[in-house]
Amino acid sequence: ICRANDTVLVTLMTLLVALALLLHPIRRSFIFGGEAVDLTETSSDTLTDTVNMLGCNLIVASAHSSPIRVVRLLWLDIAYPLIYAATTLPLPGDFEGTMMRRSSLVVAVMFFQSIMLQIAVNRETLQRLTHLQQAILHNRLLRERVLRVTA
């Protein structure tokens, strides 16, 4: 049951990341073929993706700070940069600057994901080592009790 819940949570968080990216009007109109946004008449807020990326990064950070196992989080770690690249790189015009800038943002998202993954791996490894040390200590104390009773 716990594994199924983890998978459902990670899937929901991946969908939340995709929805957060689709909140941007330029991205939404380009992907769904809606009315084109005139980049020369839009405000500078429309030309940047900062708020959407912040929301996505908060979703990812909350997933990595939860007790979900790293094996399950791999899906999110792979999906987020791919979704971001697929919804950002093909956009026309000056959205987030040139193609080189957009490509560097995709690399930055991948770097962010690798750091988050490393933190989650370290946390899970520490939890497993702590559990192993407690189990060894418990077995040692149990053997001592058995020896005392038999003596």
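Colleague: Which residues does Cys-56 touch, not counting residues up to four places away in sequence?

Modeller: Cys-56 touches Val-17, Ala-20, Leu-21 and Tyr-80, where contact means heavy atoms within 4.5 Å. Please note that this is a predicted model, in which local features need pLDDT of at least 70, side-chain atom pairs count only at pLDDT 80 or more, and totals for chains, interfaces and linings use all residues. Residues are numbered from 1 along each chain as its sequence is written, and side-chain values use heavy atoms, with hydrogens and water left out.

Colleague: Where is Cys-56 placed, and is Cys-56 buried or exposed?

Modeller: Cys-56 sits in helix H3. Helices (H or I, at least four residues) and strands (E, at least two) are DSSP runs, numbered from the N terminus. Cys-56 is buried, at a relative accessible area of 0%; buried means under 20%, exposed over 50% and partly exposed in between, with a 1.4 Å probe and protein chains only.

Colleague: What separates the C-alpha atoms of Cys-56 and Ala-20?

Modeller: The separation is 6.4 Å, although Cys-56 and Ala-20 are 36 residues apart along the chain.

Colleague: Changing topic, what is the secondary structure of the protein chain?

Modeller: The protein chain has 5 helices and 0 strands. Of its 151 residues, 29% count as buried.

Colleague: At what angle do the axes of H3 and H4 cross?

Modeller: Helix H3 (residues 50–65) and helix H4 (residues 70–88) cross at roughly 170°, and their axes come within 11 Å. Axes are lines fitted to C-alpha atoms, for helices over the stretch in contact, and angles run from 0 to 180 degrees between N-to-C directions. H3 and H4 are therefore roughly antiparallel to each other, the term for angles over 145 degrees, whereas under 35 counts as roughly parallel, 65 to 115 as roughly perpendicular and the rest as oblique.

Colleague: What about the loop between H3 and H4?

Modeller: Ser-66 lies there. Ser-66 is buried, with a relative accessible area of 16%, and its side chain reaches the backbone oxygen of Ala-63 at 2.6 Å.

Colleague: And how do H4 and H5 pack?

Modeller: Their axes are 9 Å apart, at an angle of about 175°. That makes H4 roughly antiparallel to H5. The residues of this contact divide into 16 nonpolar, 2 polar and 3 charged. Here Ala, Val, Leu, Ile, Met, Phe, Trp, Tyr, Cys and Pro count as nonpolar, Asp, Glu, Lys and Arg as charged, and the others, Gly among them, as polar.

Colleague: Which residues does Leu-117 touch?

Modeller: Leu-117, in helix H5, touches His-64, Val-70, Leu-74 and Asp-77, not counting residues up to four places away in sequence. Leu-117 is partly exposed, with a relative accessible area of 22%.

Colleague: How many residues has the largest nonpolar core?

Modeller: That core has 22 residues, and those with the most contacts inside it include Cys-56, Val-60 and Tyr-80. A nonpolar core is a set of buried Ala, Val, Leu, Ile, Met, Phe, Trp, Tyr and Cys residues joined through side-chain atoms within 4.5 Å. H4 gives the most to this core, with 6 residues.

Colleague: Finally, what does Tyr-80 touch?

Modeller: Beyond residues up to four places away in sequence, Tyr-80 touches Val-17, Met-53, Cys-56, Asn-57, Val-60, Val-109, Phe-112 and Gln-113.

How values were computed: A polar contact is a pair of N or O atoms within 3.5 Å; within protein, one must be able to donate a hydrogen and the other to accept it, and residues adjacent in sequence count only if both atoms are side-chain atoms.
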